[in-house]
Amino acid sequence: MAISAFSGPVISFGQNTIGNVTDYNPQLGPSLFWGGVGRIDPRPNFNYVPGQNYGAFTAGFATSDTQTISAAPYALGSAAIAAAAATTANTAMTLVSANSTTTGVSVSASCINYNTGVTATGLLLLDGFTSFTGVVASNILTASSVTGAITIGMTLTGTGVNSGTTIVNQLTGPPGGAGTYTVAGDDTVGSTTITGQAALGPNAFGQPFGDTNSVYLWNPQALVSRAVSIVPVSGTSTAAVIFTVSGYDIYGVPMSEAITVPTSTTTATTTNGKKAFKYIASVTPNVTNAITYSVGTTDIFGLPIRSDFFSDVAIYCNAAAITANTAYVAAVTTSPATTTTGDVRGTYAVQSATDAAKRLAIRQFVLPANMGSTAGLFGVTQA
């Protein structure tokens, strides 16, 4: 297909109801462009010439950058995923069974497997749970006493709320906090006071636009993923134990990591993983012993887009700009990825402990060389 060229300026407008003109677009939303957006070089040797030959050289500068994370992650928990227990070789540990307003872990979660399209159930969802008191009336939730953060795409549960009612948009209040929200799927007439819960649903990490929800933008409030920790709780290990963590990333791509706890590890010495998970399906040790281990979360966070250099990211944590690259780890490009290689998009470990109040904000700048491929934007395929 030939290049489409416009002399400009080009205006993309929303609903137009000025004067006698009425334009209604049920699919109103942001414009999406393959390969990002660039700024043309206006110099004669590089600018576009109307009618130029097929394949003629035109150049410009990339301007593609985006905020990928803007959230206040929950406090880490050394037993947020599994309570301390002795290990049985090749038998999955018992995962936590209750939602937590401290660590933000949501139980009985589900996600859509990116590779198969099949919904996986019975998962733990990291940084995806909120509790609140509120009133639902005519598809509006007025929330108060919020613990955690209400995020677009969360599904509400509680007395008086219809099954499948989801958060569509925030109307008033601080981001994710007490305020009013548009909800879909609720046909309650009048007011229903609820002491409710909200958890992100399958593949619900996007902000929808338009009546038909045809266009979504990835929601930086929902893209928090983090590495897993293994903590010996009682006894001293006499043999190395490999814990295989299986689950999914923020896009629903299956992933696994083998975390080796060394022989010399003593009680309360934590071994952190390197890969950032959003969902946990299982944690399975390879050795049987009476020493107890818990499985927890860390303050090591995954980057939603592949990052090759510290200069490709702008990070703010607790309202302070991060200038040192000490805790930054670039994407591991080993292909194929294995259960022992690092995160395929890169990670950053915050230097001030998370507490559900300190905001982590990350902007990422995409290199032109990475714009045109899945591996360039999102890393090599997860192991």
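A: In this predicted model, R226 forms a salt bridge (a side-chain nitrogen of Lys or Arg within 4 Å of a carboxyl oxygen of Asp or Glu) with D127, and the closest N and O atoms of the pair are 2.7 Å apart. R226 lies in strand β15 (residues 226-234), whereas D127 sits in the loop between β6 (119-125) and β7 (129-137), so the pair ties together parts that are 99 residues apart in sequence; strands here are DSSP runs of E with at least two residues, numbered from the N terminus. Both R226 and D127 are buried, where buried means under 20% relative accessible area, exposed over 50%, and partly exposed in between, with a 1.4 Å probe and protein chains only.

The structure holds seven salt bridges. One of them joins R306 to D308, with 3.0 Å between the closest N and O atoms, and D308 is buried at a relative accessible area of 18%. Another links D355 with K358, the closest N and O atoms being 3.0 Å apart; here D355 counts as partly exposed at 37% relative accessibility, while K358 is buried at 17%. Salt bridges that share partners also join D127, R226 and D299 into one network.

Residues are numbered from 1 along each chain as its sequence is written, and side-chain values use heavy atoms, with hydrogens and water left out. Because the model is predicted, local features need pLDDT of at least 70 and side-chain atom pairs count only at pLDDT 80 or more, whereas totals for chains, interfaces and linings use all residues.

Conventions. Helix = DSSP H or I, 4+ residues; strand = E, 2+ residues; numbered from the N terminus.
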